[in-house]
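Please have the sequence and the structure open while reading.

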Amino acid sequence: MDTSTPPPSRLPAGASACVEVDLDAIRSNVGELRRRVGNAEVMAVVKADAYGHGLVPAAKAALDGGAGWLGVAQLDEALQVRAAGIEAPLLAWLYVPGADLAAAVRADVDVSISALWALDEVRQAAAEAGRTARVHLKVDTGLARNGARGEDWQVLVDAAADGESEEAIDVVGVWSHFVYADEPKHPTVRAQHERFEDAMRVAERAGLRPTHRHIANSAATLTNPAVHYDLVRPGLAVYGLSPVPQLGGPAAYGLREAMRVTSALANVKRVPAGQGVSYGHVYVTDRETVLGLVPMGYADGIPRNATNVGPVLVDGRPGRVSGRVCMDQFVVDLGPTYAGAAGDPVVLFGSEAAGEPTAQDWASACETISYEIVTRMGARLPRVFSDTDTPAGGGQ
Ligand SMILES: *Cc1c(COP(=O)(O)O)cnc(C)c1O
């Protein structure tokens, strides 16, 4: 059993697992999204390290693919994009009082405003930076997360109109976010659409003329052309995953998964029937069999509740996490006839078209969403970028 096989090609030297990112897939996904939205622009959402795909390389690929904008949650994420020399329009939408908004304004980052305190701080930041701040006013149309609602919206747009007349701010956008975009027929979708229209009428009456109205995330971008407006904000779809798995997988929407997570077996051994496996012995072999050890665990982002259910491909054969997922490792029952050895390649998830388990399969097995699977892949896993321009393993 110890006839050594060469390690799988894409693992960086010395690494026991990695996240492969196909930048060409990101480019092509954005191209497909652009095609679907006609005249609207595409803001590729690259928050959370581009959903785990690597902020700067993913942002560049999205722009190459035709995104006109980038979107992030945090100001620091926006500053990292700027520090990489990326000059595309860029919106950041989540911060707390005392945030360094002046740095954002100086870096030409558009900021979202949901409340009067934020408007006050942005006006101050504009004064400090000595320039007009570009802002997007957020209206709460029903998600009850960020954004101003009811009377507060009227107050906010009036105050913003004052800010515009003093040239402290320029209201570039009015925007909102859906509750149930992933269920296109849900009644909240129509209700929010109507409230968004109302909110824009209120803004217009206050004298605001935002050029960018936006409310569509990936699901709304793919399923609801009536809400594309001037700009759509897809995140998940940029990375080739379906936001509406119950309606169709990536291929149904012309998308291709950009992330592939691979490893190699760290140990292979034969055990008898009745052997309990890993902490708590929650898996017990029902026959003599061969166990393989995968050197990835919950510290790498493998959900602990993938215990006994997470799907893998070991040397091209389907298998499943067998026993508890540990901090750094988990075991797979490879079956009695497995004839491989340590070093055999393991794919956790990747491309459905290539017959690999997918992030969506992991999400279904772990009762979560594919968003969580890709974004939780940990900092310990090196990102290996591939590209048609820089083939196989050309990192950056
Ligand atoms: C994350 C996020 C998006 C992107 O959502 P997807 O479902 O990944 O397309 C868009 N808008 C806001 C406000 C977000 O927080």
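Which residues of the largest nonpolar core touch the most other members? In this predicted model, they are Ile 26, Trp 153, Phe 330, Leu 348, Phe 349 and Trp 362, out of 124 residues in that core. At least three residues of the core come from each of domain 1 (24–239) and domain 2 (259–386).

The two domains follow from the domain assignment of the chain. Their centres, taken over C-alpha atoms, are 38 Å apart. Contact between them involves eight residues of domain 1 and eight residues of domain 2.

Setting aside neighbours within four places in sequence, its contacts are Gly 292, Leu 293, Val 294, Met 296, Ile 302, Val 312, Val 321, Arg 324, Val 325 and Leu 348.

Val 312 also belongs to strand S15 (residues 311–314), where Val 312 and Val 314 point one way and Pro 311 and Leu 313 the other, all of them buried. S15 and S16 make a hairpin with two residues between them, and Asp 315 in the turn has a positive phi of about 50 degrees. Val 314 faces Arg 317 in S16 and Val 346 in S18.

| Strand | Partner | Sense | Bridges |
|---|---|---|---|
| S15 (residues 311–314) | S16 (residues 317–320) | antiparallel | four |
| S15 | S18 (residues 345–349) | antiparallel | two |
| S7 (residues 169–175) | S8 | parallel | three |

The open sheet has eight strands with parallel pairing, in the order S8-S7-S6-S5-S4-S3-S2-S9. Strands S8 (212–214) and S9 (231–232) each have a single partner strand, so one side of each lacks a neighbour in the sheet. Helix H8 (residues 187–205) packs on this sheet and touches S7 and S8, its direction making about 160 degrees with that of S7.

How do helices H6 and H7 run relative to each other? The axes of H6 (residues 116–129) and H7 (residues 151–165) come within 10 Å and cross at roughly 10 degrees. Angles under 35 degrees count as roughly parallel, and the two helices are therefore roughly parallel to each other. On the H6 side, the contact is made by Leu 116, Leu 119 and Arg 123. H7 contributes Val 155, Leu 156, Ala 159, Ala 160, Asp 162 and Gly 163.

How values were computed
Residues numbered from 1 in each chain as written. Predicted model: local features only at pLDDT ≥ 70, side-chain atom pairs only at ≥ 80, totals over all residues. Heavy atoms only, no water. Pairing = 2+ DSSP bridges. Contact = heavy atoms within 4.5 Å. Axes fitted to C-alpha atoms, helices over the stretch in contact; angles between N-to-C directions. Core = buried A, V, L, I, M, F, W, Y, C linked by side-chain atoms within 4.5 Å. Buried < 20%, exposed > 50% of the residue type's maximum accessible area, 1.4 Å probe, protein only. Domains from an automatic or database assignment. Parallel < 35°, antiparallel > 145°, perpendicular 65-115°, else oblique.
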